[in-house]
Amino acid sequence: MPLYLLSLLIVSIITNNLLSFDFLKYLLLIQNILPNALSNDFFPIVWSLSIEEFFYLFFPIIILIVNKKDLLKFLIYFILLILFLKIFITLFFDLDFLRKGTFIRFDSIIVGFLARYFYKNLSIFVNSALCFLLLFFYVIGSDFVISNTENYSVKYFFVIYLQILSLLILFFFIKIDEISNFSFLKNFFSLISKQTYSVYLFHIIFIYMLYDLDISMLYKFCVYIFLLFTSSTFIFYFFEKPILDKRPKLT
């Protein structure tokens, strides 16, 4: 959260939204609880962070209430309930809220939680085949989806399709990591993984900064990548890591 507050402060200053009503909604992470809740969506990428924070707030309560033996069954029923509710939501709200709505996207995290139970039983061959098959249909069907964004059935199933595809891609990289012996690649990906949170929060700042500059797109891209990599490395080692090191360690 400290890094989020820092990024929110910088973005709100750049976009002239500091201490606005929308700033307060972002500060409390309630900007996507209801559809069209923002007058100015100046920090659009943090919709997923809102989902995570509220899920981590409510999930421990669920664990305490639900019997451990019934937890798996309860989560499956909960996913089905959300999928059922989304049918009605697609009739009244646009695709953006179906993708970003805080509470109606709890199913995406629960699916990841449930996947932990089953991914070891999925062979890398089957996973890879399914992954590339869904990617193939995604590429050839993208025009159809774009031209039918007002069709509620297309909106509904496309979001579910993306959830399944994302899960299979995640499985694919996990399987590759398990069988890979390339230490260089593992070290490189380990470095990148340490930077992902700062990249997630700060990349939009550099987009805002570079967007109106009168330079070539290629030059913009190179400067963007350089700033993103150097800043995320600096942020991790001098901001995130010191905070993480101060956390209580469980023994």
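Modeller: The protein chain has 10 helices and zero strands. Helices (H or I, at least four residues) and strands (E, at least two) are DSSP runs, numbered from the N terminus. From that end, the order of elements is α-α-α-α-α-α-α-α-α-α. This is a predicted model, where local features need pLDDT of at least 70, side-chain atom pairs count only at pLDDT 80 or more, and totals for chains, interfaces and linings use all residues. Residues are numbered from 1 along each chain as its sequence is written, and side-chain values use heavy atoms, with hydrogens and water left out.

The C-alpha trace spans about 50 × 50 × 45 Å along its principal axes. Of the 251 residues, 35% are buried (buried is under 20% relative accessible area, exposed over 50%, partly exposed in between; 1.4 Å probe, protein chains only). Among contacts (heavy atoms within 4.5 Å) between residues at least 6 apart in sequence, 71% join residues at least 24 apart.

Now the helix itself, α3. Helix α3 covers residues 47-65, 19 residues in total. From first C-alpha to last, α3 reaches 28 Å, close to the 27 Å expected at 1.5 Å a residue (the expected span is 1.5 Å times one less than the number of residues). Helix α3 also bends, by about 25° at Tyr56. That bend is the angle between axes fitted to the seven residues ending there and the seven starting there. A proline, Pro60, follows within four residues.

The buried residues of α3 are Trp47, Ser48, Leu49, Ser50, Ile51, Phe54, Phe55, Phe59 and Ile62. At 28% relative accessibility, Glu53 counts as partly exposed. Leaving aside residues up to four places away in sequence, Glu53 touches Met1 and Leu29. Ile204 lies 151 residues from Glu53 in sequence, and the two are 20 Å apart in space, C-alpha to C-alpha.

Helix α1 (residues 2-14) packs with helix α10 (residues 217-245) at about 135°, their axes 10 Å apart. Axes are lines fitted to C-alpha atoms, for helices over the stretch in contact, and angles run from 0 to 180 degrees between N-to-C directions. The two helices are therefore oblique to each other (under 35 degrees is roughly parallel, over 145 roughly antiparallel, 65 to 115 roughly perpendicular, the rest oblique). Pro2, Leu3 and Leu6 of α1 meet Ile235, Phe239, Glu240 and Ile243 of α10.
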